[in-house]
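Trainee: I would like to go through the labels used for this model and ask what each one rests on.
Mentor: Go ahead.

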Amino acid sequence: MPKIIRWSKQRLIIASTLAMGQKIIILDEPLANLDKDSSLQLMTTLKKLTNAGYAVIIVEHRIDVVLPFADTVLHLENKKIQKISNKEFFLQEQSKKITDICPKTNSNEPVLTLNNVSYEIKKHPILKDLNHSFIKGHRTVILGENSCGKTTLLSLLAKLITPTEGNIIQNIDEKLKQRKHGDHK
């Protein structure tokens, strides 16, 4: 899929606003569902509009992407608004708020195991030959650009869809009073 198409909804909204003669563009989470490249394209376009005299107001949680393009940053917290004068320091401080408070585990017991799992739709491969064990007590983050197969993988793990090849073994914790699931074919 061409990168320009990925943010076509945002482009349509901006074009519609401009066609109505509006000089103020307000966007709520415009980077939602956009990959890094598409996000940068959108932010560059919005910056060009501000340089042309438009006012652009963005509400966004992906501050690392938005801050380099922002002239003014307002932070809303505890029902109060604060103007941020040092964007770099603010970004660093936000990152410091993320701390690991979960206890560590020494388990090697897999709760989910992927054995040569593949998934395709109409002979179009979405995922191919995945092998991985998710370990009890460990946290896993699945990263990837849009349309790379993250949602498909989660759907496979949840047994909402069936792999076209390979199998998924679920070992559910007995404390949850659920039966152990075997191979999913």
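Trainee: Which residues lie nearest the centre of the largest pocket?
Mentor: In this predicted model, Ile58, Val66, Thr72, Val73 and Leu74 do, out of 23 lining residues. Helix H3 (36–51), strand S2 (55–59), H4 and S3 each give two or more residues to that lining. The space in the pocket comes to about 690 Å³.

Trainee: What makes up the lining of the largest pocket by class?
Mentor: There are 16 nonpolar, 4 polar and 3 charged residues.

Trainee: Why is Phe69 called partly exposed?
Mentor: Its relative accessible area is 21%. Buried means under 20% and exposed means over 50%, with partly exposed in between, so Phe69 is partly exposed. Phe69 sits in the loop between helix H4 (63–66) and strand S3 (73–77).

Trainee: What is Phe69 in contact with, leaving aside its neighbours within four places in sequence?
Mentor: Leu40, Met43, Thr44 and Lys47. Contact means heavy atoms within 4.5 Å.

Trainee: Why is Lys79 called exposed?
Mentor: Exposed means over 50%, and Lys79 has a relative accessible area of 85%, so the label applies. Lys79 lies in the loop between S3 and strand S4 (80–84).

Trainee: What is the phi of Lys79?
Mentor: Near 65°, a positive value in a residue other than glycine. Most residues other than glycine have a negative phi.

Trainee: Why does Lys122 count as exposed?
Mentor: The relative accessibility of Lys122 is 79%, and exposed means over 50%, so Lys122 counts as exposed. Lys122 is in the loop between strand S5 (110–121) and strand S6 (124–135), and has a positive phi of about 50°.

Technical notes: Residues numbered from 1 in each chain as written. Predicted model: local features only at pLDDT ≥ 70, side-chain atom pairs only at ≥ 80, totals over all residues. Heavy atoms only, no water. Helix = DSSP H or I, 4+ residues; strand = E, 2+ residues; numbered from the N terminus. Buried < 20%, exposed > 50% of the residue type's maximum accessible area, 1.4 Å probe, protein only. 1 Å grid on protein atoms, 1.4 Å probe; cavity = no way out; pocket = protein on both sides within 12 Å on 5 of 7 lines; lining within 4 Å. Points joined across faces, edges and corners; volume = space filled by probe spheres on them. Nonpolar A, V, L, I, M, F, W, Y, C, P; charged D, E, K, R; others polar.
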